Amino acid sequence: MIRKCSLTKLNDFFAAIAGDKTLYIPASDGAGGAVYKKWDSNTQYLDVLNTVKSPKDFFFPHTEDLMEFKVKGKNIELLDIRQESEDFVVFGVRPCDVKSFDILDRVFLSEPVDSYYASRREHGIIISLACSKPSETCFCTTFDIDPTEPEGDISAWKTDDALYLRANTEKGEALMALVEHLTEECDDAPVVAQKQNVKKILDKLPLAGLKLDVFGKGKTEELFDDPAWDTLSEACLGCGTCTFVCPTCQCYDIKDFDTGNGVIRYRCWDSCMFSEFTKMAHGNPRLTQKERFRQRFMHKLVYYPDNNDGLFSCVGCGRCLAKCPVSMNIAKVMKKLGGEK
Amino acid sequence: MQVNKYRPLIVAFCCNWCSYAGADLAGNNRLNYPADVKIIRVPCSCRVNPSFVLRAFQRGADGVIICGCHPGDCHYTSGNYYTRRRMALLFSMLDYLGIERERTRLEWVSAAEGAKFAATMNDFAEQVAALGENKRLEDLRCKR
Amino acid sequence: MQKINRDVLIDRAISLLNSGQVSSVLGWRQGEFFYDVTPAVFTDENDIRENFVWNDFCGANFSKYLVSKTKASDGKILVFLKPCDTYSFNQLLTEHRFDREKVYVIGIPCEGMVDTGKLKAQVGDGLVSAQSTEEGLLVTTLYSDEPVNVDIKSVLAERCINCKSKKHVAYDELLGDEGQIEDSDRFDEVARIEAMSPDERFAFWQGELSRCIRCNACRDVCPACTCEKCVFDNPVSGVENKAPVNSFEEKMFHIIRAFHVAGRCTDCGECSRVCPQNIPLHLLNRKFIKDINGFYGEYQAGECVGSRAPLVDYNLEDLEASDVFEGRDTQ
């Protein structure tokens, strides 16, 4: 069942949700990009395709304090400093990003369960938003994601004059109750029309024909020594842009910070593109950028599927295509290894 | 004496050959300067990397002063000339980022200038105290 | 539109390659779209004919690649350098970062490079194709029925709008003119920030730097950053960190990054080009350049090989650190 909310009431809609739970919506970052901001009455919703950083931050934050040690006399006291999660709502998550949560879940919610992640996942409520204007960098359909039919607790479609909403889960139903007075039952014809329009665009996307044939479970031996890795990686700077804008990259480092009167143990995102990523006591097994570069793409296209029933660890959001300083990215890797170019 | 008066933490990088000896002389002559000045001895003022200054602020300093031999008197001939350029640029950059320029200073103090050392520290401590706590270049983790 | 046609570059590259004068060519490789050009090493004639590009999107500065590519190659490498790239080239030579004998430089004139972000902001998302015309670009998108005419000036990268020099300061061969040093307004923005109150300056930089995600792209692309091991990657340095944990870390990284290249930065603008968060990093570097020019006399890093960088030099009469703010408002 679909309900609609007129766009003239969009701010009331946000206010009604924010009155009960913390709400985050895409807003301008002041530099031409978008970022999820906590909603207050001054926050202007920004209608963009995607935020610069993905919403994985909500569940797997860029940095997070895990615990603290204090030294008192000859004792070390261990403090649990985790912040209790409260219910929060993220509005406007695109279908690709919604799918990325599933990919992260398989990592963080499999045994041993990451309780920090699990707690935030339980408290998070996702209002997804179907895509109406895909970009040339989009290729989510390659990974069987339908950008017109987003998952999430509530699915939303935005047309020129209204927001159409459909609850998919109990959490979603509960949230819909909060905005019942602002919405009305309606016919899904405008949504169907939008879907048809977008499907036409999808066929025209430059990356529409991207193929996955040569990737997936059990392809390690065929791909690992492919000579193409040399040329693909030759321009790579070894920065972490692709990993840090990626919605599915999930590597982190755990570090200690000496505060002068104790130690804070925190975790922060790490990147397999960094030279020190694999450094251990015995040395570093990945000495060149080629090896680090190969790791990133093999992980997404072969190793992760190996461990997760063939599911790829890429959702085709296109962020790395837009942001890589040398414009080398997963689409080019897929084409080259797939023998297309 | 005022109770609970705000007392700034000052880090003073002093070169081994001139300024540290100047501090010694100030002590020997029983000249007063604030106990809030923590001296870090360095072989030469030129040893002070800009990141030392930033790290001092991170660790809770409210002001950072670098003291070296007078130009021309460097034990290593020219170290303090490099210091002068380096700190001029660093201080200007910190100011550019909106960090109070009164929190940083570079001063030449010779081994014979015990009085100048004490006067400089008194003056600098007063100047920093007037600004209050360093909020713009602090690391909140170090205040827990 | 660039003055020299792609075909001219290709012909030169192929003739040098076939004559054996060079063994490889550092150039721009065509991507999936018209704008996502990747730096690449070409060794094959057909590959060059098919994939070598030279257009308004070839922003990447190849100078830094020479450090690793000359080490990996026995033969000579042909490299195409735009005027601003030649400054980085000289600076790296000054620092003995690669063997000049292993490089053959062809200088190519540059009319400025397009900032794809600005282009998208103007014509919208879904860029499909662009055709260079005399005045600009004819751009088609997924959502426009007709090609949109874009004035090139309105989408040029900031560093190109404020181009400091169209003069080639290093080359073995030139295609087109040697070029002139330009009158640029590149320090205007720095002066505007200097004129703000300390509170405004603090708020401005807090806002900009808080977007930093510590991807290190600014460092990794910088032709002046060629340390074998960066202090920020060294766990025992005490400043190593992989994330902007708090606002101090953000400032620490950006001040030290800019300081490490102070006096050696040629103002090529690559740091700001690659920043995924659009932080105007060049404004930090330019502040140092402006100060150096003001305090110690005009100095342009990379203008000639062998010049002494201001921070490894001194004058007996240099101004005192306390006089830095003379003539500027106090707070």
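Domain bounds are those of an automatic or database domain assignment. For chain C, this assignment gives domain 1 (6-114 + 161-174), domain 2 (117-151) and domain 3 (188-323). The model is a predicted one, in which local features need pLDDT of at least 70 and side-chain atom pairs count only at pLDDT 80 or more, while totals for chains, interfaces and linings use all residues. Residues are numbered from 1 along each chain as its sequence is written, and chains are lettered from A and ligands numbered from 1 in the order in which they are written.

Taken over C-alpha atoms, the centres of domain 2 and domain 3 of chain C are separated by 34 Å. Chain A is assigned domain 1 (3-52 + 84-204) and domain 2 (220-337), and the C-alpha centres of these two domains of chain A lie 27 Å apart. In chain A, 18 residues of domain 1 are in contact (C-beta atoms, placed from the backbone, within 7 Å) with 17 residues of domain 2. The side of domain 1 of chain A that touches domain 2 of chain A has 10 nonpolar, five polar and three charged residues; Ala, Val, Leu, Ile, Met, Phe, Trp, Tyr, Cys and Pro count as nonpolar, Asp, Glu, Lys and Arg as charged, and the others, Gly among them, as polar.

The contact between chain A and chain C takes 41 residues from chain A and 34 residues from chain C. On the side of chain A that touches chain C, at least two residues each come from α5 (189-204), α8 (241-245), β12 (263-269), α10 and α11. Helices (H or I, at least four residues) and strands (E, at least two) are DSSP runs, numbered from the N terminus. By class, this side of chain A has 19 nonpolar, 11 polar and 11 charged residues.

Helix α11 of chain A (residues 330-337) has six of its eight residues buried, so it is largely enclosed by the rest of the structure. A residue is buried if 20 or more other C-beta atoms lie within 10 Å of its own, exposed if 12 or fewer, and partly exposed in between, with C-beta atoms placed from the backbone. The buried residues of α11(A) are A:Ile330, A:Ala331, A:Lys332, A:Val333, A:Met334 and A:Leu337. They pack against α6 (220-224), α7 (228-233), α9 (289-307) and α10 (319-323) of chain A. Just after α11(A), A:Gly339 takes a positive phi of about 80 degrees.

In α1(C), the buried residues are C:Leu9, C:Ile10, C:Ala13 and C:Leu17.

How values were computed
Contact = placed C-beta atoms within 7 Å.
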